[in-house]
Amino acid sequence: MRLLYIYFLTIIVFSCNSKNKQVENSENEKQYAELSDETILDSIQKQTFNYFWEGAEPNSGMARERLHTDDAYPTSPKNTVTIGGSGFGVMAILVGIERGFITRDEALNRYLKIMDFLEKSDRFHGVWPHWLNGETGKIVPFSKKDTGGDLVETAFLVQGLLTVSEYFKDGNEKEKELTAKIDKLWKAVEWNWYTKNGEDVLYWHWSPTDGWDMDFPVGGYNECLIMYVLAAASPTHPIEPSVYHKGWARKGAIVSKEKFYGEDLVLDYYEHDEAPVGPLFWAHYSYLGLNPKGLSDQYADYWKLVQNQAKIHYKYAVDNPKNYKGYGDSLWGLTSSYSIKGYKGHRPGNDLGVISPTAALSSFPYTPKESMQMLRNLYKNHDSLIGKYGPYDAFSLEYNWYVPRYLAIDQGPIPVMIENYRTGLLWKLFMQNKDVQNGLDKLGFKYELI
């Protein structure tokens with residue numbers, strides 16, 4: 001009789017817990033259903049901005065390469081700061097000012113702290129390495145021979161710094177001090193050095209100890225367009241247009257006439273691979289400041305290029321050829337991120353069942369409806385995947401996997417690209433820079449100013 005009593009008691013308790021859970025889920029769905037799009041966008045922008053504000057490395061003010069809420073750092077120390085991610089971060093801080101998360105003076109003081117750190121940190125012909133120790137400013141090697149300058153990461157940083165400079169350039173004396181510091185760092189980058197003795201292509205790396213051993217000439221198309229634009233735009237160490245046309249554009253071989261999921265690819269995504277489309281961060285990193293709307297050259301309409309890439313990723317998830325759990329019109333987006341084992345470059349053709357929220361959320365300018373569906377789905381139905389700084393880096397419903405960890409290069413594009421969708425703020429600032437305009441003109445681009 002006692003066993004029967006315990007059995008019925010268990011059933012009652014389980015039933016009550018299930019009902020409570022159902023009520024909780026119902027209330028959560030109702031809560032988010034009633035929130036306006038603007039309110040939800042404000043919320044995620046503030047969370048992701050805070051990665052670069054509250055979560056910054058304290059000595060340098062720079063963006064930590066990664067923040068793990070489980071406080072486990074198996075691959076690099078917690079004080080490791082990222083050059084490219086900090087470029088995204090300084091732009092996110094501008095969003096923080098405009099959205100009222102912080103004051104202009106608070107941001108100015110943080111920027112000056114960052115400038116002081118960057119001025120004293122390791123550089124190689126004006127180019128920063130991929131990682132720095134946030135406490136000392138010394139290089140943290142990214143790999144065995146990646147022991148010097150990283151021109152791509154430097155381009156991402158400079159994109160952010162020039163955007164900040166435009167925001168403050170007409171300000172008070174302290175603000176003009178900031179813009180002067182940025183100008184000095186910008187002019188010190190020796191872009192032409194990275195053509196490896198005058199070749200018609202830019203090289204990703206150079207090291208004082210390992211020279212050109214990394215041997216990575218950068219041909220397009222990938223995430224590196226901004227590097228070529230800034231290299232042409234430099235008022236002190238510019239490249240010749242032939243470096244862009246022969247190196248990046250591969251004498252026109254960069255153009256693609258192919259389609260994927262019914263969308264024009266526009267450009268060839270891989271110089272040395274037959275894969276039709278890349279991870280979605282390729283549609284974000286170069287375009288945090290460089291406005292693809294109205295941007296074209298002899299090779300591409302860049303708005304069509306990036307919008308089509310986002311559409312392809314969305315259509316791929318809806319099609320879901322591998323039948324992964326959860327994929328669909330409200331759960332989509334593949335990019336390079338944490339994965340079930342290590343770090344992987346997720347994309348159609350290399351789909352491991354892992355969704356990276358930054359992919360869809362940073363695509364708001366290109367796919368606003370589809371990106372909002374993803375955002376609402378995350379916050380309504382998967383709130384265990386949301387932490388202090390917004391959605392965690394990656395997850396898999398198929399394998400019931402996620403880690404409570406963040407990467408700067410994935411969190412940074414979210415507040416910036418959402419702001420570009422809402423107001424065009426970062427696009428407006430970067431594109432009004434006269435050096436940038438000169439570089440675009442030099443390479444034969446057509447572009448529009450907001």
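**Notes on buried residues, ring pairs and salt bridges**

1. Asn320 is buried, with a relative accessible area of 11%, where buried means under 20% relative accessible area, exposed means over 50% and partly exposed lies in between, with a 1.4 Å probe and protein chains only. This is a predicted model, in which local features need pLDDT of at least 70 and side-chain atom pairs count only at pLDDT 80 or more, while totals for chains, interfaces and linings use all residues. Residues are numbered from 1 along each chain as its sequence is written, and side-chain values use heavy atoms, with hydrogens and water left out.

2. Asn320 is found in the loop between H9 and strand S8 (336-338); helices (H or I, at least four residues) and strands (E, at least two) are DSSP runs, numbered from the N terminus. Arg250 likewise has a positive phi, of about 55 degrees, although it is not a glycine. Arg250 lies in the loop between helix H8 (241-248) and strand S6 (259-260), and is buried at a relative accessible area of 16%.

3. The peptide bond from Gly220 to Tyr221 is cis, with omega near 15 degrees, and Tyr221 is found in the loop between strand S5 (205-206) and helix H7 (225-233). As background to this point and the previous one, most residues other than glycine have a negative phi, and most peptide bonds are trans.

4. How many of the residues of H7 are buried? The count is 9 of the 9 residues, so H7 is largely enclosed by the rest of the structure. The buried residues of H7 include Leu225, Tyr228 and Ala233. These buried residues pack against helix H5 (151-168), helix H6 (173-188), H8, H9, helix H14 (425-431) and helix H15 (434-443), contact meaning heavy atoms within 4.5 Å.

5. Arg347, in the loop between strand S9 (343-345) and helix H10 (357-361), is buried yet has no salt bridge, and the nearest side chain of opposite charge, Asp273, is 4.3 Å away. A salt bridge here is a side-chain nitrogen of Lys or Arg within 4 Å of a carboxyl oxygen of Asp or Glu; for charge, Lys and Arg count as positive and Asp and Glu as negative, while His and the chain ends are not counted. The side chains of Arg347 and Tyr270 are joined by a polar contact of 3.1 Å, that is, a pair of N or O atoms within 3.5 Å, of which, within protein, one must be able to donate a hydrogen and the other to accept it, and residues adjacent in sequence count only if both atoms are side-chain atoms. Leaving aside residues up to four places away in sequence, Arg347 touches several others, among them Tyr270, Asp273, His313 and Leu334.

6. Aromatic pairs are rings of Phe, Tyr and Trp (its six-membered ring) with centres within 6.5 Å, counted as stacked if the planes are under 30 degrees apart, edge-to-face if over 60, and tilted for the rest; by this rule the count comes to 40 aromatic pairs. Phe49 and Phe101 form a tilted pair, 5.5 Å centre to centre and with 40 degrees between the planes. Phe49 lies in helix H2 (residues 37-53) and Phe101 in the loop between helix H3 (83-98) and helix H4 (104-120), so the pair ties together parts that are 52 residues apart in sequence. Phe49 is itself buried, with a relative accessible area of 1%.

7. The rings of Phe88 and Tyr285 have centres 4.8 Å apart and planes at 50 degrees, so this pair is also tilted. Because Phe88 lies in helix H3 and Tyr285 in the loop between strand S7 (263-264) and helix H9 (302-319), the pair ties together parts that are 197 residues apart in sequence. Phe88 is buried at a relative accessible area of 0%, and Tyr285 is buried at 6%.

8. A search of the whole structure finds 21 salt bridges. One of them joins the side chains of Asp71 and Lys78 (3.7 Å, N to O), with Asp71 exposed at 53% relative accessibility and Lys78 partly exposed at 35%. Lys169 forms a salt bridge with Glu166, the closest N and O atoms being 2.7 Å apart; Lys169 is partly exposed, with a relative accessible area of 35%, whereas Glu166 counts as buried at 9%. Salt bridges that share partners also join Glu38, Asp42, Arg99, Glu419 and Arg422 into one network.
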